[in-house]
Amino acid sequence: MAGLSHRQTEILNIARASGRVMVEELARRFEVSAQTIRKDLNDLCERRSLTRIHGGAIIASGVENLAYEARRFVAADEKKAIGAAAASLIPNGCSLFINIGTTTEEVASALTSHEDLLVITNNLNVAMLLYRHPRIEVVVAGGTVRRADGAVVGSTATQLIGQFKVDYAIIGASAIDEEGALLDFDYREVQVAQAIIANARSVMLVADSTKLRRSAPVRIAHITQIQTFVTDSPLPAGLANICHSRGIEVVVAMDKPQVDLDDNAADAAPATLRSAQGA
């Protein structure tokens, strides 16, 4: 990009390849101070090339998602904690949908010790994680497989999902706006997610706090259509109030400070909030 220094161009290339960059790692790599790297990141954020996260930055997104493998590196510890917390809320002997996403895959990984589950998924990665376990039956939605991430999308997948009525749905989202809209990038994937929501008795959203700082163009649903939200940090005030007013249970999987999207954010409403340790 015009106007970038050589170091800033390299930082952007690293972010595109790995999904995120961290201040301390970049300072060591380029043999400069952390303050210098923070200035570089701030410049790149002002150009809307990056979005700041705690201790670093991720690629900014608006119309195109990060590469799937790169997304695995973004908030990896948070996703693992969310996966464990979400799985702890799923009882043995139930049926569930699990859709595409790196966070939903962490839920699947944490479900492998469960018994007598029926899992319907449009995520080949989830199917590969679960099919070997004798007490878990896996049904894979048919249709076109998206090479980028192993998602099965399209009308055939949607039609199969419509043949089930399950106990739980585990869904992810690429972005969540301050008004509570759940957003994604691929309208075909969104159609599958909407069918999953419509055919589950209880819907659980699993998403880390970086999703609150991103945008995406396609609307999946509104947060008021879910029953449980498992995340890594206390929600910003506006979103917490929406969840509180609609009785949505918010489970925080890590001991982290509240996400502030603006300077006026107040404390999250405590009545809908519990820590994963108490789940």
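Colleague: Is Asp116 buried, exposed or partly exposed?

Modeller: This is a predicted model, in which local features need pLDDT of at least 70, side-chain atom pairs count only at pLDDT 80 or more, and totals for chains, interfaces and linings use all residues. Residues are numbered from 1 along each chain as its sequence is written, and side-chain values use heavy atoms, with hydrogens and water left out. Buried means under 20% relative accessible area, exposed over 50%, and partly exposed in between, with a 1.4 Å probe and protein chains only. Because its relative accessible area is 42%, Asp116 is partly exposed.

Colleague: Which loop holds Asp116, and what is its phi?

Modeller: Helices (H or I, at least four residues) and strands (E, at least two) are DSSP runs, numbered from the N terminus. Asp116 is in the loop between helix H6 (102–110) and strand E5 (117–121). Its phi is positive although the residue is not glycine, with a value near 60 degrees.

Colleague: Is Glu31 buried or exposed?

Modeller: Glu31 sits in the loop between helix H2 (23–30) and helix H3 (34–46). Its phi, near 55 degrees, is likewise positive in a residue other than glycine. With a relative accessible area of 73%, Glu31 is exposed.

Colleague: Why does Ser95 count as buried, and with which residues is it in contact?

Modeller: Ser95 belongs to strand E4 (residues 95–98). It counts as buried because its relative accessibility is 11%. Contact means heavy atoms within 4.5 Å. Leaving aside neighbours within four places in sequence, the contacts of Ser95 are Leu118, Lys165, Val166, Asp167 and Tyr168.

Colleague: What is the volume of the largest pocket, and which element gives the most to its lining?

Modeller: On a 1 Å grid over the protein atoms alone, a pocket is an open set of points where a 1.4 Å probe fits, with protein on both sides within 12 Å along at least five of seven lines; lining residues have an atom within 4 Å of a point. The volume, the space filled by probe spheres set on the points, is about 400 Å³. Of the 19 lining residues, the closest to the centre are His54, Glu78, Ser209, Arg213 and Lys256. Strand E1 (20–22) and helix H5 (76–88) each give two or more residues to the lining, and the element that gives the most, with three residues, is H5.

Colleague: What percentage of the chain is buried?

Modeller: The chain has 10 helices and 16 strands. Of its 279 residues, the buried share is 53%.
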